[in-house]
Amino acid sequence: MPDMEWLSRNKIWVGTAALVLIGAYAFYAVNSNIAVSMFSYAWFLAVPLVLGAMVGVIGERSGVVNIGIEGQMLVGAFAGFFAAAATQSIVVGVIVGALSGIAMGAFLAFSTVVGQLDQIIAGVVINIVATGITSFYFESGKTIPRGLPNFDVPLLSKIPLIGPVFFSDGPIALFALIIVFVLHFLLFKTRWGLRTRAVGEYPSAADTAGINVIALRLFNVTAAGILAGLAGTYLSMEATSTFERGMSSGRGFLALAILIFGAWRPMRALAAALFFGFMQSLASQLQASDVVNIPQQFINLLPYVLTLVVLAAAAGRVRAPGAVGQPFVKGD
Amino acid sequence: MADPDRPPGKDAPAPAADPAPVDTTKAAPVVAERGAAPPPTGVLGFLVRHQAIVVPIIAVVLAFVIGAILIRAQGFNPTYAYQRLFTRSFLTHDGLLATMQKTTPLILVGLAVAIPLKVGLFNIGGQGQLMAGGIGAAWVAYALRDLPGPLLVIVAIVVGVLLGAMWASIAALLKTTRGVHEVISTIMLNSIAVGLIDWLINGGPLADKGQPFPTSHSVPEGARLTPLGILPWGLPVALILAVLVAWMLKRTTLGFELQTVGRNKFAAGYAGISTTKSTLIAMAISGGLAGLAGVFELLQIDPYRYQNGIAGSLGFDGITIALLARGNPLGTIPAAILVGAMRAGAPSLQFELGIRPEIVDVLLAITLLMVSLPVIAKWIFRRHATKQTQLAGSWGA
């Protein structure tokens, strides 16, 4: 139960959320069709950003910067799609997509935590390797039997507005929504979460308290790769059913901006991702309805410009985990 | 505090206080991290002293071995493939010209990554800065098309360099005033450059509407830098700039200030060196160099028009080059020639053997991977290995 103290601490967030909800339902009352399509499109765009931001949350909360989310997503999209095409089974595709994310996560984890490769260089290397490998092994003309199907969640999908937007999508979109709340709970209410935050904030203190810093970082960064793999699989198997070269198109970096804008917290990152999705959806809607005449290229640029604006605004208001980016050497 | 040069719990003063500007990437005294180990003698000593060269060579060799396995897995003969690749790029007239033409921008974008590395900044935005320079030159070449050729070339170079520097300065200003990390901002600026330029040449103000595909107007004939035999005009310029940058970093006050900030920004601050100023200058110089690369791409390469994809993956190859050169400006020259030759020879793999030219992307990616993994240096040199670049410490700051 949200007690009074929690409410007073988070009154700005609760107030904003309430205002956004009221605004959204007012819009829905005026024109339910456009409201549902706009918010659905916003969530459709936000799903990979949410998953990517959660990869970042797990990594940076444990003290490891992950610039390679972009490459991890791209490999996930590639591996999922081509595994599904080869076996003609979408289930195999999703599993392989998630596993490829683990492999990429493991590379980042071992090279930075054990090998002490600089974390930013490691991430950039992941991105370049991912681009090279996926374009070399790319084969055109492959098809998968079908994209991941949308389905209605019983009861929840009947809620006006929220139901059709969040609860009648494909499995990965639903998973993305759930994982935000699960991760929030894990991070702030469990032993694993406390340890992870300690390792990311002050690893030598955590080490003194008997936490195995290296092992925890290895586990977290590797496991977070699953989410990046699924974000990629979402792109090639749920949002579309095709793979294109460079398909992640900067979403991994947008996810990092969202993570910072969301102050390294899962729920705020979800809100930030929805904001990004909504701005893009709004621009497309304005363009489609001829309200404004802006070149299509400018609409496509919106998320990148928005990222710079948001980061410039968020700087100084948020604080990164204390030990993020620094390798941990026991006894140093 | 997130400073890589001062790990928590170490009270020893930072080495950056050393008054002599020592280039750690080259003939640096080998710093033993724990317990003073005597410098080794003999062959090992020679290798340790030259590890800035030895490690990249081993990395390239390893990458080619892994590449050979991949080519073999595709059912081709790797020895023959490599032979064709380098025969084409060094031993044919067209191939050698292509190698030189590709080397020119690669040296410049390599420098554009290497200089900020000295200040502890990672400039991923070479791509966008190059594009800004190229489109600036395309604009000048069209707007001032009545100027005499040589004058037009000079104006195009000035505008291209300034636009590249401006594009990089956006990231530098976001960093110094708002604390936005340059890795994210430069990547966003790359994407923004792609979109803006696509608009400019695709129905926008710089588009040549007489063409069926998005393109700028072609450069007037008088301003085209057609190659002299196998020598493109830009190559000597790039070589001179690499030497100048090396001299600037090693022998000038500015270079000393940049390197001091990169080693320890707190020590630099105590010594009265402004981190803000160093960041802005380093990024502006880098952006200018990348912008110049874009100008040459436009003025010295057929079809002398700005088209989408003109920048290829030059900006990202610049990262590979700078890391292969271990941040040494002169090292970017051999690294750029290697990468340029691989890029120039790639089409022949496609035509003669049917191997996809993207194998070169894979080879370069593996090279980058190998050169950046500290385990290679540790495995050969053990405790004598020099420390790797540490950048990520600035992330949360």
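**Exercise 1. Describe how H6(B) passes H11(B), with handedness, angle and distance.**

Step 1. Handedness: H6(B) passes H11(B) in a right-handed crossing. A crossing is right-handed if the near helix is turned clockwise from the far one by less than a right angle, and left-handed if anticlockwise.

Step 2. Locate the helices. H6 covers residues 149-178 of chain B, and H11 covers residues 275-299 of chain B. Helices here are DSSP runs (H or I, at least four residues) and strands are runs of E (at least two), numbered from the N terminus.

Step 3. Two packed helices are described by the angle between their axes and the distance between the axes. For H6 and H11 of chain B, the angle is about 140° and the axes are 6 Å apart. Axes are lines fitted to C-alpha atoms, for helices over the stretch in contact, and angles run from 0 to 180 degrees between N-to-C directions.

Step 4. Sort the contact of H6(B) with H11(B): 18 residues are nonpolar, eleven polar and one charged. Ala, Val, Leu, Ile, Met, Phe, Trp, Tyr, Cys and Pro count as nonpolar, Asp, Glu, Lys and Arg as charged, and the others, Gly among them, as polar.

A note on the model. This is a predicted model, where local features need pLDDT of at least 70, side-chain atom pairs count only at pLDDT 80 or more, and totals for chains, interfaces and linings use all residues. Residues are numbered from 1 along each chain as its sequence is written, while chains are lettered from A and ligands numbered from 1 in the order in which they are written.

**Exercise 2. Describe the packing of H5(A) with H11(A).**

Step 1. H5 of chain A spans residues 90-114, and H11 of chain A spans residues 213-239.

Step 2. Their angle is about 145°, with axes 6 Å apart. H5(A) passes H11(A) in a right-handed crossing.

Step 3. The contact of H5(A) with H11(A) has 21 nonpolar residues, ten polar and one charged.

**Exercise 3. Work out which helix of chain A gives the most to the side that touches chain B.**

Step 1. Count the contact: 43 residues come from chain A and 43 from chain B. Two residues are in contact if their C-beta atoms, placed from the backbone, lie within 7 Å.

Step 2. Three helices of chain A each supply at least two residues: H6 (119-136), H12 (251-261) and H14 (296-314).

Step 3. H6(A) gives the most, with twelve residues.

Step 4. This side of chain A divides into 26 nonpolar, 15 polar and two charged residues.

**Exercise 4. Is B:Ile124 buried or exposed?**

Step 1. Find B:Ile124 in the loop between H4 (93-118) and H5 (126-143) of chain B.

Step 2. B:Ile124 is buried because 27 other C-beta atoms lie within 10 Å. The cut-offs are 20 or more other C-beta atoms within 10 Å for buried, 12 or fewer for exposed, and in between for partly exposed, with C-beta atoms placed from the backbone.

Step 3. Leave out residues up to four places away in sequence. B:Ile124 then touches A:Val124, B:Val183, B:Thr186, B:Ile187 and B:Ile319.

Step 4. The C-alpha atoms of B:Ile124 and B:Asn190 are 8.5 Å apart, although 66 residues separate them along the chain.

**Exercise 5. How many residues of H12(B) are buried?**

Step 1. H12 of chain B runs over residues 314-324, and eleven of its eleven residues are buried.

Step 2. Among them are B:Phe316, B:Asp317 and B:Ile319.

Step 3. After H12(B) comes B:Arg326, with a positive phi near 50°.

**Exercise 6. Find backbone values that stand out in the loops.**

Step 1. Most residues other than glycine have a negative phi, and most peptide bonds are trans.

Step 2. The peptide bond from B:Asp302 to B:Pro303 is cis, with omega near 15°. B:Pro303 is in the loop between H11 and H12 of chain B.

Step 3. B:Tyr304 is also found in the loop between H11 and H12 of chain B. Phi of B:Tyr304 is positive, near 55°. B:Tyr304 counts as buried because it has 20 C-beta neighbours inside 10 Å.

Step 4. A:Gln116 is in the loop between H5 and H6 of chain A. Its phi is positive, about 55°. A:Gln116 counts as partly exposed because it has 19 C-beta neighbours inside 10 Å.
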